[in-house]
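Visitor: I have this one open and want to go through it piece by piece. Can you take questions as they come up?
Guide: Go ahead.

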Amino acid sequence: MFHMKQQRIKGEIREKTKMKTNTVGLVAVLAVLLLLLGYLGYSRETRTLVSPENVLTVIDDSGKLVRLPQPVRKIVVLQSDAGEILCALGAENLVIGVSPTTKQKMAPKFDNLPEVGSSSSPNYEAIVGLQPEVVITYSGKVGSEEELRKRLEPLGIKILCVDAYKLELIPRDIRLLGLVLRKENEAEKYAGFFENLLKLIENRVSGLENRVRVYVEGHKDYQTASYGTMAHGIVTAAGGLNLAAGEPVSYPIVSPEWVLQKDPDVILKNAGKSALPGGGRALTNPEPLRKVWETLVSRPGWGELKAVKENRVYVIAWDLWGGGSQIVTICYAAKFFYPQLFGDLDPSSIHRELVNFWGLESGGIYTYP
Amino acid sequence: MGIEKVYLRYTRSKLLLILILSLLLFFLSLLALSVGAVNLSPGRVWRAFFSRIFPLSSDHLSEVIVWELRLPRILLALSAGAGLALAGAVCQGLLRNPLASPYTLGVSSAAGFGASLGLVLGLGVYGGEYLVVINAFLFALLSTFLVWGLSIKKGMSSESIILAGIAVMYLFSSLTSILQYMAEPRALQGVVFWLMGGLYHATWKRFFPVFFITLFCFPPLLRYSWDLNALAMGDETAKGLGVNVGRVRGVGLVLFSLLTAGIVSFTGTIGFIGLVSPHLARMLVGGDHRFVLPCSCLMGALLLLASDTLARSLIAPTEIPVGAVTSLLGIPFFLHLLMKKRREFWP
């Protein structure tokens, strides 16, 4: 009896150990195979896909040196602000791949080009498949700068960081791209357009003592913008005083009581995509903008606001709040803030001029009233 | 004699199942290698793959795409999927709770907070390109210490660990929300992407750490299979069988958090793999942890590889967040499990 039990236990132990050795063996083999693959992948040097002869060295907006081939023939554009500049310089034929937002913003220029992901989430395979010479994105994490540099530069693809969403950098970026693409004349003209307008507005508002007090609101109800944001930059460049400038958070959501207490002189609203899916560009009648305006002024307590009583509440479509279009928004804002001072300024014709630079058709309704 | 034969047949059939799953995984990997944003014919893919093993020639573009982009991503998906599933299986076994996963114990939320600190404020323990990864890892470990500290006073019972885990999860989630509120829209986008998790940044450098962590955590956790089996019958029963419940839970928790932290800090928080894979494994091989643990690894690897391959190829070149695809793939299975309600797989 006992002997049989001993045999059974021994058999079980043997079975357990056999199974354990089997599992361990399998796992070990698998591990070695995977490591081998890893070794083959990691250790072999990859030759570059592109090897240029002529090289131009520039410093881009990330502060790094970039060696660009000359002439540049194949560009992938991951952000629409640079896309605008390229169109303005007449270099759109050099673009071989774009991000979906670039395609949408500059339609129909890039309609036939393949999409390669966005600046924050680029599709490396799609980019590599096109074998570009240069990839234009934003600097920092928002443009996936580090990842792009790490993965594409060993293959010979250059990463150029162009932060053309920052108003103060736009003229520099225009000239940089003009230099790189050998379109310096066009670049001067386009950069000059921005600089002249900004200077004109700045000269007229610099002497003002009593600045217009402005509450600027974004897409979300009661979300305003403080110092360092684009909206703040626009309000300030137009000579206004952003009431939320000192708030600790970039995009604070303020309490309605604060707005009533501050009683701004002018209220600016950025009408978002939910109200205007196609943007101001797609509008043929001002009704959607008017609806946003209507909702705004009928907010509880807003009937008492100075801005509402004096009819100084303005709605501006979202597609004007970014890239080169910021200059148009500044012109509109300046005119709203100081109508007498800027009686001769015509923002819609300035807008037409801008769109003309890009080679696109102008049209659409962007503000209400 | 009869019982021995039955038992042998029982274990052998489980092993066969595991073998079949492994083969399935292998073929899925082959398929995944041929699929991508750039249309490469299978012939080009194979030539490119073998060109580094044998002296074959292949066009350079295919070689780059296969070896620099697709292969590391596939291997990362396999390692991360296996690791997350293993972590899920272990904590479900340790805590006797079918809802236990890296999420419910707060490890994922803490890693997310660490990542957000790096992405939004640029704050971190160690700067440079691994700032976000190291932050995520350290905060994930910190959350485990918190959970440990909170529950050790209550004798490391499963209820106390779960409650502490949920508290820690909410703590770090709200802190992350505050960071998101403070963030510039562009930094915010980075945070959102990280929290959704993704393998699009897969490189060989990211594969090796994930692979090694999973590899090194597997044997010690497998050794605890019998203890986990005993624990499944209740703390008192397990203690009666000679299992040091406190120590098993403690060590298991440490290994679990190392594993999760190590993976999540590289891939972002990919949900559902850790939760669903152990259940799927149990449906196939029963409740014995000697089989559940390896089978969970296989299921996790399968699930993540399938999801990631779909995520990057369905509407290429746009990438669907892999967390969304894992949920969509995992939910039908989950519901199936719910409908079937086979209680014998869950003690």
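Visitor: At what angle do helix H4 and helix H7 of chain B pack?
Guide: This is a predicted model. In it, H4 (residues 107–121) and H7 (residues 185–196) of chain B pack at about 155 degrees, and their axes are 9 Å apart.

Visitor: So are H4(B) and H7(B) roughly parallel or roughly antiparallel?
Guide: Angles over 145 degrees count as roughly antiparallel, and H4(B) and H7(B) are therefore roughly antiparallel to each other. The crossing of H4(B) past H7(B) is right-handed.

Visitor: Which residues meet there, H4(B) against H7(B)?
Guide: H4(B) brings B:Gly112, B:Ala115, B:Ser116, B:Leu119 and B:Val120. From H7(B) come B:Ala187, B:Gly190, B:Val191, B:Trp194 and B:Leu195. By class, this contact of H4(B) with H7(B) has 7 nonpolar residues, 3 polar and no charged.

Visitor: What about H3(B) and H12(B), how do they pack?
Guide: Helix H3 of chain B spans residues 60–95 and helix H12 of chain B spans 273–285; the angle is about 75 degrees and the axes are 7 Å apart. That makes H3(B) roughly perpendicular to H12(B).

Visitor: And which residues of H3(B) and H12(B) meet?
Guide: On the H3(B) side, B:Gly81, B:Leu84, B:Ala85, B:Ala87, B:Gly88, B:Ala89 and B:Gln92. On the H12(B) side, B:Ile273, B:Gly274, B:Leu275, B:Ser277, B:Pro278 and B:Ala281. The contact of H3(B) with H12(B) divides into 8 nonpolar and 5 polar residues, with no charged ones.

Visitor: Step back a bit. How many helices and strands in chain B?
Guide: Chain B has 14 helices and 0 strands. Its radius of gyration is 21 Å, close to the 20 Å that the globule rule gives for 347 residues, so chain B is as compact as a globular protein of that length. Along the principal axes, its C-alpha atoms fill a box of roughly 65 × 60 × 35 Å.

Visitor: What fraction of chain B is buried?
Guide: 52% of its 347 residues. As for contacts in chain B between residues at least 6 apart in sequence, 74% of them join residues at least 24 apart.

Visitor: Now chain A. How many helices and strands there?
Guide: Chain A has 13 helices and 11 strands. The radius of gyration of chain A is 29 Å, well over the 21 Å from the globule rule for 369 residues, so chain A is more spread out than a compact globule. The box filled by its C-alpha atoms is roughly 110 × 65 × 35 Å along the principal axes.

Visitor: And how much of chain A counts as buried?
Guide: 43% of the 369 residues. For contacts in chain A between residues at least 6 apart in sequence, the share joining residues at least 24 apart is 60%.

Visitor: How many residues of chain B are in contact with chain A?
Guide: 41 residues of chain B, in contact with 37 residues of chain A. On the chain B side, H1 (2–34), H3, H6 (158–182), H7 and H8 (204–223) each supply at least two residues. H3(B) has the largest share, 10 residues. By class, the chain B side has 26 nonpolar, 8 polar and 7 charged residues.

Visitor: Back inside chain A. Which residues of H6(A) are buried?
Guide: H6 of chain A covers residues 170–180, and its buried residues are A:Ile170, A:Asp173, A:Ile174, A:Leu176, A:Leu177, A:Gly178 and A:Val180. They pack against strands E1 (55–59) and E2 (65–69) and helices H2 (80–88) and H7 (184–206) of chain A. Just after H6(A), A:Arg182 has a positive phi of about 60 degrees.

Visitor: Which are buried in H8(A)?
Guide: In H8 (residues 230–237) of chain A, these are A:Ala231, A:His232, A:Ile234, A:Val235 and A:Ala237. Their cover includes H7, strand E7 (212–217), strand E8 (240–242) and helix H12 (326–337) of chain A.

Visitor: Last one: is A:Val313 buried or exposed?
Guide: A:Val313 counts as buried, with 22 C-beta neighbours inside 10 Å; the cut-off is 20 or more. A:Val313 is in strand E10 (residues 313–317) of chain A. Neighbours within four places in sequence aside, A:Val313 is in contact with A:Ile267, A:Trp293, A:Leu296, A:Val297, A:Ala307 and A:Val308.

Visitor: How far is A:Val313 from A:Asp173?
Guide: Their C-alpha atoms are separated by 34 Å, and the two residues are 140 residues apart along the chain.

Methods: Residues numbered from 1 in each chain as written. Chains lettered and ligands numbered in written order. Predicted model: local features only at pLDDT ≥ 70, side-chain atom pairs only at ≥ 80, totals over all residues. Helix = DSSP H or I, 4+ residues; strand = E, 2+ residues; numbered from the N terminus. Rg over C-alpha atoms; globule rule 2.2 N^0.38 Å. Buried ≥ 20, exposed ≤ 12 C-beta atoms within 10 Å, placed from the backbone. Contact = placed C-beta atoms within 7 Å. Axes fitted to C-alpha atoms, helices over the stretch in contact; angles between N-to-C directions. Parallel < 35°, antiparallel > 145°, perpendicular 65-115°, else oblique. Nonpolar A, V, L, I, M, F, W, Y, C, P; charged D, E, K, R; others polar. Left-handed = near helix turned anticlockwise from the far one by under 90°.
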